[in-house]
Amino acid sequence: MTAPTATASTTMREAFVDTVAEALDTDPRLALVLAEISADRFVDVAARHPRRVLNVGIREQAMIGVAGGLALTGLRPVVHSITPFLVERPFEQLKLDFNHQGVGAVVVSTGASYDYPTAGRTHMAPGDVALIDTLPGWTVHIPGHPAEVAALLGSALPGDDLVYLRLSERVNAEPLVTGPGWHPVRHGSGGVVLAVGPVLGPVLAATATLDVTVLYTATIRPFDTAGLRAAVRSASADVVLVEPYLRGTSTHAVNDALVDIPHRVLALGVRRDLELRAYGTADEHEAAHGLGPTGIGAAVRQFLDAAAK
């Protein structure tokens, strides 16, 4: 497959800013709504398009309401903030001002589950994708590289649907995809490991000596049922799902995809039974939730060993 290109120094957030700024210059239907976060990165484009770049201040519920109103007028709003301020705090507005009104938007978060640990629990939102998953009709992108951000965002901006794009400072070494679907990264026969977005690097390190198929996606909704079924037919129906947010968020999608096939599923992700109260570093949070190579490797081995007994 052909991978998109990006400079090594570009972050996901920079890729988002560059892509949206360029699109605002060329697409008069596009509007950007902010609540202070990243406003400093859009100063120049706001000066060029003051009626289509709106900063409502630290008012996240109002940000979603304004975006919903713009969508009702026929504009294509892009809404952006840190994950908990964009999904958890204004969740009722996402539900009512977008879904219930039947309008679309591109909702772009930054910070992922625990990218800003020094800011404390207020800036962490591992449950964001699970919350979005309670609403119908959303496409959910979890890119693992800045170049994937540019490709996925570029395809989302011209549409009319509901899109959630989750940016992170945790990145894979290389971009792999420009669109949806499970993409084979490694082939094996002992099981199927599903890596979503920026967990691919730890997954590859964790399974380097294991006879497993590794599939990667940067788009978790809609779920690629056909891709998973094809991999299971070629390997086995022991599936390990590794997501960089709340553990088990997509287990129901795996079960639905394999409803007629006897299978086992191990879900790895941010633990549901652990409330960390020390700030720490992102690496320490990753290790605590078992999302580093060591934790993933131990869990996968135990799961597959149990199947062999």
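Here are my entries, one topic at a time.

**Ground rules**

I am working with a predicted model, so local features need pLDDT of at least 70 and side-chain atom pairs count only at pLDDT 80 or more, while totals for chains, interfaces and linings use all residues. I number residues from 1 along each chain as its sequence is written, and side-chain values use heavy atoms, with hydrogens and water left out.

**Helix α3**

I started with α3, residues 60-72. Helices (DSSP runs of H or I, at least four residues) and strands (runs of E, at least two) are numbered from the N terminus. The 13 residues of α3 reach 19 Å from first C-alpha to last, close to the 18 Å expected at 1.5 Å a residue. That expected span is 1.5 Å times one less than the number of residues.

Which residues of α3 are buried? I found Glu60, Met63, Ile64, Ala67, Gly68, Leu70 and Ala71. My cut-offs, with a 1.4 Å probe and protein chains only, are under 20% relative accessible area for buried, over 50% for exposed, and partly exposed in between. The arc is taken from the directions from the helix axis to the C-beta atoms.

Contact here means heavy atoms within 4.5 Å. After α3 comes Gly74, with a positive phi near 105°.

**Helix α5**

Next I looked at α5 (residues 91-100), where the buried residues are Phe91, Gln93, Leu94, Phe98 and Asn99. They fall within an arc of 165° seen down the axis, so they line one face of α5. Gly102 follows α5, and its phi is positive as well, near 75°.

**Helix α12**

How far apart are the end C-alpha atoms of α12? They are 22 Å apart, which agrees with the 22 Å that the 16 residues (293-308) should span at 1.5 Å a residue. In α12 I found Ile296, Gly297, Val300, Phe303 and Leu304 buried. Down the axis of α12 these fall within an arc of 140°, so they line one face of the helix. The face turned away from them carries the exposed residues Thr294 and Gln302. Among the cover over the buried residues of α12 are α8 (200-206), β11 (238-246) and β12 (264-270).

**Ala267**

I then picked a residue in strand β12, Ala267. Ala267 is buried, with a relative accessible area of 17%. Not counting residues up to four places away in sequence, Ala267 touches Leu241, Arg247, Gly248 and Thr251. I also checked Ala267 against Gly65: they are 202 residues apart in sequence and 35 Å apart in space, C-alpha to C-alpha.

Two residues have a positive phi without being glycine. Glu36 has a phi of about 75° and is found in the loop between β1 (30-34) and α2 (43-48). Ala112 has a phi of about 50°, in the loop between β4 (105-110) and α6 (128-132). Buried or exposed? Glu36 is partly exposed at 41% relative accessible area, whereas Ala112 is buried at 3%.

I also noted a cis peptide bond between Arg221 and Pro222, with omega about 0°. Pro222 lies in the loop between β10 (219-221) and α9 (225-234).

How many cavities of 30 Å³ or more does the whole structure have? My search found one. On a 1 Å grid over the protein atoms alone, a cavity is a set of points where a 1.4 Å probe fits but cannot get out; lining residues have an atom within 4 Å of a point. The largest cavity holds about 110 Å³, a volume being the space filled by probe spheres set on the points, which are joined across faces, edges and corners. Ala112 turns up again in its lining, and others there include Tyr114, Asp115, Arg166 and Glu286.

Technical notes. On a 1 Å grid over the protein atoms alone, a cavity is a set of points where a 1.4 Å probe fits but cannot get out, and a pocket is an open set with protein on both sides within 12 Å along at least five of seven lines; lining residues have an atom within 4 Å of a point.
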